[in-house]
Amino acid sequence: MNEKPVKLIDKKGVRLDGRKAVDLRPIKLQVGVLSNADGSAYIEHGKNKILAAAFGPREMHPKHLALADRMVLRCRYHMAPFSVQERKSPAPSRREVELSKVIRESLEPALFLELYPRTGVDVFVEVLQADGGTRCASITAAALAIADAGVPMRDLVVACAAGKVDDTIVLDLHDEEDKLGAADVPVAYMPSLDAITLLQMDGILTPVEFQKAVDMAMCGCKKIYEMQKEALKTKYMVVRDIKEKDEVEE
Amino acid sequence: MSSLITKVRLKQISQCIESGKRLDERGLHDYRQIKIEQGVIEKAEGSARIYLGKTEVLVGVKVETGEPFPDTPNEGVQTVNAELVPLASPNFEPGPPDENSIELARIVDRGIRESHAIDTEKLCIEAGKKVFVVFVDVYVLNYDGNLIDASALAAMAALMNTKMPNYEVKDGELKTKQGFIKLPMKSHPITVTIGKINNQLIIDPQLEEEQVMDSRISIAVNEKGNICAVQKGGSGYFTPQQILEASKLAQGKAAELRKKLDW
């Protein structure tokens, strides 16, 4: 269809969107954005716009899916039909089924599943606009939504990708780099526990490049982790301010 | 894919691994016995059946003509599908593919696709209009753990065994000629799955080990020793150190298998 742009990174090491190899895209995080959900979060990661909502711990529905010895975490990753250039059918694609599974498995290690037998937590992720790296941004938002729902967690889960573009290992690939680049390595990480909970890769990398990409992605995760904590605190600052104002009025 | 396993058995498995052995006397980093038969289904363009211990997978390849994807007008199309057939395990049920079979198909697909195993550019008949479509169907016949490695090996063996009709293009029409040609291949990736039980890394987990393991990581390695696809699965985690260890293990094992299979 379209010819490859000659270079995704120029001679000075600047990428198409003006970033250097180790720069993240601008990220905006908001917690408690939906009033009906027990917990919710919104992320803007570059042009990605993603909403996540968490419900629970609550009684499993249907009941027969409940487990006697632990909580069940369910995740649904879903892309809105208008989130991409060509309309995406709203029916779940094979990609979405796989991503729902890997997102769930990236969040499970953070939860104390065995402390909540017979219950379930549901996490719904809606990608409103996609721009490369949606699974990572979804995990970052979903972890915040679960935390916002008040479900105890071992650590927040934060995700970020690294990859290879024009023979350089770069952080946080955007859509074009993802499609035309040589490799993509999404990583989800719990920084306080130094635990990797999601790791995928496609493309071809030498073992050394692979290691470098994983390390770089973990560095990116640590930066986003700080923003996550800030976003959680901010919500409660707002709650406190409103409460104080109410008290003064009374 | 899991079913109940008693605490006693769990303890037994972990103790076994702790002492550097497996339930079936294998070492921690040994594969079970591998046997591959090629060309077992005559009506398919290519096929292979693998026995990995008691795990049994049959892969059939069909080659048909179809339309290329708009973003790759002069490349053939590769599709992988996996069926967890109910006769393979008491826990498999009939019905549309669930997340386990979709994940399995997508891991096998990624290993083949990202290593450019099939030379898709040679499968173009008329750019933008007609190309060959290679259907790889993974059929699990007996489930005793590590479907990923078994399916990936069987899929590659089936593709290497695939013969497609010899053809020529006359006035935009496809004419088949006498004889067959081999499916054009560029690379032979090997996928190695590593499980984690009690912070120990084991290769080729069998069913009971899969039921107690924290997590797994599957790494596809090409003939140059480069990594071409990775997938972590399961509800546990890996430390960065374990990832490094796993990637080294996978490279070593892939090279060993490659030598043994003469790929």
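Predicted model: local features only at pLDDT ≥ 70, side-chain atom pairs only at ≥ 80, totals over all residues.
Residues are numbered from 1 along each chain as its sequence is written, while chains are lettered from A and ligands numbered from 1 in the order in which they are written.

**Chain A as a whole**

Keep chain A selected and show its C-alpha trace, which spans about 60 × 50 × 40 Å along its principal axes. The radius of gyration of chain A is 19 Å, close to the 18 Å from the globule rule for 250 residues, so chain A is as compact as a globular protein of that length. The radius is taken over C-alpha atoms, and the rule is 2.2 Å times the number of residues to the power 0.38. Of the 250 residues, 47% count as buried. A residue is buried if 20 or more other C-beta atoms lie within 10 Å of its own, exposed if 12 or fewer, and partly exposed in between, with C-beta atoms placed from the backbone.

**Two cis prolines**

Select A:Gly56 and A:Pro57, which are joined by a cis peptide bond with omega of about 0°. A:Pro57 lies in strand β3 (residues 48-59) of chain A. Move on to A:His61 and A:Pro62, where another cis peptide bond has omega of about -5°. A:Pro62 is in the loop between β3 and β4 (72-79) of chain A.

**The largest core**

Next select A:Ala142 and A:Val187, the residues with the most contacts inside the largest nonpolar core, which has 100 residues. Such a core is a set of buried Ala, Val, Leu, Ile, Met, Phe, Trp, Tyr and Cys residues joined through C-beta atoms within 7 Å. Helix α2 (residues 134-148) of chain A gives the most to this core, with 10 residues. Leaving aside neighbours within four places in sequence, the contacts of A:Val187 include A:Ala159, A:Ile196, A:Leu199, A:Val214 and A:Cys221. Two residues are in contact if their C-beta atoms, placed from the backbone, lie within 7 Å.

**The last helix of chain A**

Select α4(A), which has 43 residues and reaches 64 Å from its first C-alpha to its last, close to the expected 63 Å. The expected span is 1.5 Å times one less than the number of residues. Among the buried residues of α4(A) are A:Phe210, A:Val214, A:Ala217, A:Cys221 and A:Ile224.

**Where the chains meet**

Show both chains: 27 residues of chain A are in contact with 30 residues of chain B. On the chain A side, α1 (94-107), β9 (195-205) and α4 (207-249) each give two or more residues. The largest share, 11 residues, comes from β9(A).

**Strand β11 of chain B**

From β12(B), step to β11(B), which pairs with β12(B) in the antiparallel sense over six bridges; strands pair if DSSP finds at least two bridges between them. B:Ile219 stands opposite B:Val230 in β12(B). The two strands form a hairpin with five residues between them, and B:Gly225 in the turn has a positive phi of about 85°. Strand β11 (residues 215-221) of chain B is mostly covered, with seven of its seven residues buried. B:Ser215, B:Ile217, B:Ile219 and B:Val221 point one way, and B:Arg216, B:Ser218 and B:Ala220 the other way. Strand β9 (residues 190-197) of chain B is joined to β11(B) by seven antiparallel bridges.

**Two loop residues in chain B**

Finish with B:His116, in the loop between α2 (99-114) and β5 (124-126) of chain B. Its phi is near 55°, a positive value in a residue other than glycine. B:Asn198, in the loop between β9 and β10 (200-203) of chain B, has a positive phi of about 50° although it is not a glycine.

Key:
Helix = DSSP H or I, 4+ residues; strand = E, 2+ residues; numbered from the N terminus.
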